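Trainee: Could you help me learn to read a protein model, one feature at a time?

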Amino acid sequence: MMKFGITPLLAAVYVGAMQNIFSKSAKYSLFDPCKEMAYIPLDEDTKVKGKAAIDVVCNPLGKSGGALIQQFMILTFGSLANSTPYLGGILLVIVLAWLAAARSLDTQFTALRREEEIEKEMERTAVKIPVVSSNEDGDDNKSLGSSTETSYPTNS
């Protein structure tokens, strides 16, 4: 690094800045829209309550829980360097749980979307069932003629 005129401190600043830029970019372009998409199939009341619960309770709880785990590991193993493999394992478990939750959410969202499409298709193609009434003589075995009326029920 000294050949390029970069001190270790300046290199650390550049790496930290790049890490911050990439993490904020990922948060605002990937995580936040994904989180908002989870509220789409909910009704308005559930949507408001769910967003409030996530934003007010779960987000701060997740941040403080992560800090608590990290502090516990540092106190247990003596330093951040000694606790890094264990923190990596915990991170792996959390990422796998997050992927499983995303897959479950996708399954539920897809099923709900299919139900909505089926309902819309049924509304669009309202089946008209012919209702055939017999003539006044009570002779139901006659072929359909001019005296037989055919009507179609209407959808109201």
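Trainee: What is the mean pLDDT of the protein chain?

Mentor: pLDDT is the predictor's confidence in each residue, from 0 to 100. The protein chain has a mean of 81, and 81% of its residues reach 70 or more.

Trainee: Where does pLDDT stay under 50?

Mentor: Where pLDDT is low, the predicted coordinates should not be read in detail. Here that applies to residues 142-149, where pLDDT stays under 50. For that stretch the model has 9 contacts beyond four places in sequence, a contact being heavy atoms within 4.5 Å.

Trainee: How many helices and strands does the protein chain have?

Mentor: Helices (H or I, at least four residues) and strands (E, at least two) are DSSP runs, numbered from the N terminus. This chain has 3 helices and 2 strands, in the order α-α-α-β-β from the N terminus on.

Trainee: What span should helix α3 have?

Mentor: The expected span is 1.5 Å times one less than the number of residues. Helix α3 (residues 80-124) has 45 residues and should therefore span 66 Å; its end C-alpha atoms are 62 Å apart, which agrees. Helix α1 (residues 8-37), with 30 residues, reaches 42 Å, close to the expected 44 Å.

Trainee: Where does each helix bend?

Mentor: The bend at a residue is the angle between axes fitted to the seven residues ending there and the seven starting there. Helix α1 bends by about 35 degrees at Lys27, α2 by about 35 degrees at Ile54, and α3 by about 30 degrees at Tyr86. Just after α2, Gly78 has a positive phi of about 95 degrees.

Trainee: Is Ser83 buried or exposed?

Mentor: Buried means under 20% relative accessible area, exposed over 50%, and partly exposed in between (1.4 Å probe, protein chains only). Ser83, in helix α3, is buried because its relative accessible area is 0%. Leaving aside residues up to four places away in sequence, Ser83 touches Met73, Ile74 and Phe77.

Trainee: Which residues of α1 are buried?

Mentor: They are Ala11, Asp32 and Lys35, and what covers the buried residues of α1 includes α2. Across the 156 residues of the protein chain, 6% count as buried.

Trainee: How many disulfides are there?

Mentor: A disulfide is a pair of cysteine sulfur atoms within 2.5 Å, and the count here is 0. Cys34 is partly exposed, with a relative accessible area of 39%. Cys58 also counts as partly exposed, at 39% relative accessibility.

How values were computed: Residues numbered from 1 in each chain as written. Predicted model: local features only at pLDDT ≥ 70, side-chain atom pairs only at ≥ 80, totals over all residues. Heavy atoms only, no water.
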